[in-house]
Amino acid sequence: YQRRVRGDSFVKYAWDTDELQPVSKRGKNWGYQSMGLTVVDSLDTLYIMGLTDEFKKARDWIDKNYHFQGNMDISVFETSIRSLGGLLSAYELSKDSMFLERAKILGDKLLHAFNSPSGVPYGRIHLDGTQPSNPSWTGGRSILAEVGSIQLEFVALSRHTGDMKYANKAMKVWELLYKQNKPNDLYPLYVDPVSGLFSGASASLGGLGDSFYEYLIKMYVITGGKDARFKRMYEETVQNGVIQHLVKKTNFDSYYLATMSSLNSFDHKFEHLACFAGGMFALGAAHMAQTQQHLDIAKGITKTCHEMYNRTTTGVSPVLCVDT
């Protein structure tokens, strides 16, 4: 019921925009024009919940408006996980070919991001497919979570279209990252798109790194455990890197994840963005030899995340907590 009310509020106040601002009751776009992010990202939920009328309304809007044209830069990562992923999940559920047709058009545009000397994608492209770039605040570098968290969507697009160019581009990035020396078996947060090499030694399962680790185990699971590369990548970095160096005990019998600010220098702060790791460890536990260890860590991280909400007056979690 609550989800339906929120959906009705979005339709009333923010239809044709990317997101609803609940306080002002206005819609907001992430760029110069709408990419319909909420509409597309909600397709699978609408379908699974049996909200047939709402799904059809969203489907018809996409059919009429979703052509990926305009004078605007877009985030390759956000567009891949929300728009491309949303279209593909809607296709898998409904078998409506319109969703796959639009996913292919979008996928072809996103491929322009990989036009770097190393094949590591840039973070942004123009909707006309030109001008791939990275934001100035990264110093021209690409971000681990962005270049390493598009593989599920690109592999799925290849599976459904029969064209391996999408999967090949995305999987080359993982292969490139895996071959490199990694400080403490952790993947640094920045990658140079020209050389393809890591830049710096900072590592985290919080912002800029988070979903990369999550995608490793998900790729192994979604491919039916048939490709040992994904399990090996996940197991090596989680067992030898994350557990060995980042998993820390709290003073209330739970766990949190520290960050590595430089080689062998650690900050004992836990970002809310890393709360996904409880689910990641639980999912991975079924496939690791150290099943109980991973389950214990999953429970401990989830307990910490619960307390981040439970211990505040408002019931809203802070962005991060510091272990003192």
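This is a predicted model: local features need pLDDT of at least 70, side-chain atom pairs count only at pLDDT 80 or more; totals for chains, interfaces and linings use all residues.
Q: What makes up the surroundings of Met-72, leaving aside its neighbours within four places in sequence?
A: A contact takes heavy atoms within 4.5 Å. Residues that meet this for Met-72 are Gly-31, Tyr-32, Gln-33, Met-35, Ile-125, His-126 and Leu-127. Take Leu-127: it sits 55 residues from Met-72 along the chain, yet their C-alpha atoms are separated by 5.7 Å.

Q: How do you know that the span of helix α9 agrees with what it should be?
A: Its 15 residues (165-179), at 1.5 Å a residue, should span 21 Å. The end C-alpha atoms are 21 Å apart, so the two agree.

Q: Which residues of α9 are buried, and what covers them?
A: The buried ones are Tyr-166, Ala-167, Ala-170, Met-171, Val-173, Trp-174 and Leu-177. They cover an arc of only 135° around the axis, so they lie on the same side of α9. Their cover includes α6 (97-110), α7 (144-147), α8 (151-161), β6 (190-191), α10 (210-222) and α11 (228-246).

Q: What makes Met-280 stand out in the largest nonpolar core?
A: That core has 88 residues, and Met-280 is among those with the most contacts inside it, along with Ile-62, Leu-257 and Phe-281. Not counting residues up to four places away in sequence, Met-280 touches Leu-205, Tyr-213, Glu-214, Ile-217, Tyr-234 and Val-238.

Notes:
Residues are numbered from 1 along each chain as its sequence is written. Side-chain values use heavy atoms; hydrogens and water are left out. Helices (H or I, at least four residues) and strands (E, at least two) are DSSP runs, numbered from the N terminus. The expected span of a helix is 1.5 Å times one less than its number of residues. Buried means under 20% relative accessible area, exposed over 50%, partly exposed in between (1.4 Å probe, protein chains only). The arc is that of the directions from the helix axis to the C-beta atoms. A nonpolar core is a set of buried Ala, Val, Leu, Ile, Met, Phe, Trp, Tyr and Cys residues joined through side-chain atoms within 4.5 Å.
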